[in-house]
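These are my notebook entries on one protein structure. I record what I looked up, topic by topic.

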Amino acid sequence: MEELETNIRAVAVDVLSEEWQEEDILNKTPVVIKKITKRKGGFTLHMQSPYEDIEWYFSKGLTLFNFMEGSKGKFLRIEHEDGQYWVDLPPDRSVLHFLKEFMED
C-alpha cells in the first residue's frame, strides 16, 4: 500500500439526499488532506476537518477528475461518480503524479 503525506487545504462536500426533501443539502467543510493512500482498486483521502478526521474512499473507474475555474483560480475536483461527495483542492503536482493511474481511465 503506497502512501503520500500531504498538507493541502481543500474543501470536502457531501450531499445529503432524503426522499421526503425537495432539494439536496450540501455540507461543505474546510479540510486539510493529510495523506493519500492507494489501495487495490482505488484510493483513500485522509482529511482533517475542524471537528473530526474524515476518510473518503474513491474507486478506480468510478471517480471523476475535473479541472475547474473558481474565484481563486484553477482547482481540481475529485468526485465520486454518483455525485454524492467530492473534494476541491489546488492542482498539486505531487498529488497529480501520485494519482495518475486513476486519472487515466
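**Entry 1: order of elements.** I read the elements from the N terminus on as β-β-β-β-β-β-β-α-α. The protein has two helices and seven strands; helices (H or I, at least four residues) and strands (E, at least two) are DSSP runs, numbered from the N terminus.

**Entry 2: basis and confidence.** I note that this is a predicted model, in which local features need pLDDT of at least 70 and side-chain atom pairs count only at pLDDT 80 or more, while totals for chains, interfaces and linings use all residues. Residues are numbered from 1 along each chain as its sequence is written, and side-chain values use heavy atoms, with hydrogens and water left out. The pLDDT is the predictor's confidence in each residue, from 0 to 100. Its mean over the protein is 88, and 89% of the residues reach 70 or more. Confidence is lowest in β2, at a mean of 89, and highest in β3, at 96.

**Entry 3: burial and core.** I found that 40% of the 105 residues are buried (under 20% relative accessible area; exposed is over 50%, partly exposed in between; 1.4 Å probe, protein chains only). I then looked up the largest nonpolar core, which has 23 residues. Such a core is a set of buried Ala, Val, Leu, Ile, Met, Phe, Trp, Tyr and Cys residues joined through side-chain atoms within 4.5 Å. Among the residues with the most contacts inside this core are Ile33, Phe43 and Leu89. Elements giving two or more residues to the core include β1 (3-16), β2 (25-39) and α1 (93-98). β1 gives the most, with four residues.

**Entry 4: leucine 89.** Which residues is leucine 89 in contact with, leaving aside its neighbours within four places in sequence? I listed Ile8, Arg9, Ala10, Ile33, Phe75, Leu76, Ile78 and Val95, where contact means heavy atoms within 4.5 Å. Leu89 also lies among the residues nearest the centre of the largest pocket, together with Val11, Lys72, Phe75 and Asp88. The lining of this pocket has 15 residues, and β1, β2, β6 and β7 each give two or more of them.

**Entry 5: glutamate 81.** I located glutamate 81 in the loop between β6 and β7. Why does glutamate 81 count as partly exposed? It does so because its relative accessibility is 47%. Not counting residues up to four places away in sequence, glutamate 81 touches Gly61, Leu62, Thr63 and Leu64. The C-alpha atoms of glutamate 81 and leucine 64 are separated by 6.0 Å, though these residues are 17 apart along the chain.

Notes:
1 Å grid on protein atoms, 1.4 Å probe; cavity = no way out; pocket = protein on both sides within 12 Å on 5 of 7 lines; lining within 4 Å.
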